[in-house]
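Please look over the sequence and the model below before reading on.

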Amino acid sequence: MNGSIRVGNLFGIPFYINVSWFIVLALMTLSYGGSLAAQFPQLGLGLPFLLGLIAALLLFASVLAHELGHSFVAIKQGINVKSISLFLFGGLASLDQEAKTPAGAFWIAIAGPLVSLFLFVGLTLMGSSLTIAAPLTALINLLAYVNLALAVFNLIPGLPLDGGNILKALIWKITGNQFKGIVFASRVGQGFGWLAILLGFLPLFAGGSINFWTILIGWFLLSNAGILAKDATLRNQLSQFTAEDALVDENPIVPQTLSLRTFVNDYIIGKTATRQFLVTNEAGELVGQISGDDLKTIPTSQWPLIQVQEVMQPVEFSTTVDAQQPLLDVVTVLEQQQLNELPVVRNGVLVGFIEKASIRRLLEQRLQANPA
Ligand SMILES: [Zn+2]
């Protein structure tokens, strides 16, 4: 995340703090310290703010405990937790991949709120049974309340909140389609976002002032749920195709015995794309690659006499995809290896190229054919 500082590891998980968090820490220290100073004048001036700082830090420890709850369940399912970060709106445990089953997703989602509820019950019992100084009791009660609020807020059933992930798991279980679950729970999340924005502006009509935080949280829900819905819609579309559906239109495969003259006439002249062409042998196997640039040092008069195989370069592709491979997997490979194109093979024989642009074209055509 932008503006985040790595502060170490938590149980082997990289731990980041966003700069916005320090603003919240300062505001909380001041506001809680101030209210303690007013409530317990016998404490003097310095001590309430020290307690305020401790309270703010414990509050974020509660957020961390919540995120660790998600993380431990994910790790138990064999999912790598990339990072845990604290930012303006709380915390985020960033997972390497999604759960493989609806049940797995459900347990990861509910683990955080369960930790918060557990802390709420524990702190409430502690606050009511211990006989300690009143300011400390007040601090424990505040923390109990914060943990309850964390659990309740996060259980709102719209993405990106935990409750949204629970809803997603439920729809996923019912429909058998993970993406439908995400889209549905995101739409609900967008609904809650609009509701929060509306509620934030509502006091304006009663002569009051707007509730800035409610609007900000609403906007946060709205924009994040929108991104999730869009991404899931795209991945749902991709999951309906295989690699061969998105092959590049023009034939980018050149037989190795072709003369350079024919190669230039048939493949280069009049074509706008300046791409690499794949060279195959008689069996259709990939043996090399060639581009227009490879011909620059060869006099035009020699072109009819030289075959493609004499000037082709070794193939740089270490990865090929199978024609039957789901398009969603292909996109994942392209993203992970930061590639723009990949050769597609069927039974060891090259059938063409797939590239980011050809995938985009396929989806656009599909959208035009079936407008949503
Ligand atoms: Zn959570």
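## A network of salt bridges

In this predicted model, Glu 98, Lys 168, Asp 231 and Arg 235 are joined in a network of salt bridges. Lys 168 counts as buried because its relative accessibility, 8%, is under 20%, whereas Glu 98, at 29%, counts as partly exposed.

Another link is the salt bridge between Arg 235 and Asp 231, again with a distance of 3.2 Å from N to O. Both residues lie in helix 7, four residues apart, which is about one turn of the helix. Arg 235 is partly exposed, with a relative accessible area of 22%, and Asp 231 is partly exposed as well, at 34%. The C-alpha atom of Asp 231 is also separated by 9.2 Å from that of Ile 182, a residue 49 positions away along the chain.

The structure holds four salt bridges, among them one between the side chains of Asp 293 and Lys 296, at 3.2 Å from N to O. Both Asp 293 and Lys 296 are exposed.

## Confidence and domains

The mean pLDDT of the protein is 85, and 95% of the residues score at least 70. Confidence is highest in helix 5 (residues 162–175), with a mean of 94, and lowest in helix 11 (residues 356–369), with a mean of 76. Where pLDDT is low, the predicted coordinates should not be read in detail.

The domain assignment divides the protein into domain 1 (1–155), domain 2 (170–239) and domain 3 (243–369). Between the C-alpha centres of domain 1 and domain 3 the distance is 53 Å.

## Annotated spans and the annotated site

An unreviewed UniProt entry lists several spans as "transmembrane region", including residues 138–161 and 210–229. In the model, residues 138–161 are 71% helix and 0% strand, with end C-alpha atoms 29 Å apart.

The "active site" annotation, from an unreviewed UniProt entry, covers Glu 67. This residue sits in helix 2 (residues 46–76), and Glu 67 is buried because its relative accessible area of 7% falls under the 20% cut-off.

## Surface patch and backbone features

Leu 195, Leu 198, Leu 199, Phe 201, Leu 202, Leu 204, Phe 205 and Ile 210 make a nonpolar surface patch of about 790 Å². Within this group, Phe 205 lies in the loop between helix 6 (178–201) and helix 7 (212–238), and Phe 205 is exposed, with a relative accessible area of 70%.

Most residues other than glycine have a negative phi, and most peptide bonds are trans. Against that background, the peptide bond from Leu 159 to Pro 160 is cis, with omega near 10 degrees, and Pro 160 is found in the loop between helix 4 (134–154) and helix 5. Phe 11, a residue other than glycine, has a positive phi, near 50 degrees. The loop that holds Phe 11 runs between strand 1 (4–10) and strand 2 (13–18), and Phe 11 counts as exposed at 62% relative accessibility.

Methods:
Residues numbered from 1 in each chain as written. Predicted model: local features only at pLDDT ≥ 70, side-chain atom pairs only at ≥ 80, totals over all residues. Heavy atoms only, no water. pLDDT = per-residue confidence, 0-100. Helix = DSSP H or I, 4+ residues; strand = E, 2+ residues; numbered from the N terminus. UniProt positions renumbered as here; feature names shortened; annotations may be inferred. Patch = residues over 30% accessible without salt bridge, like charges linked within 9 Å, V, L, I, M, F, W, Y side chains within 5 Å. Areas by Shrake-Rupley, 256 points an atom, 1.4 Å probe, with all protein chains shown as cover. Buried < 20%, exposed > 50% of the residue type's maximum accessible area, 1.4 Å probe, protein only. Domains from an automatic or database assignment.
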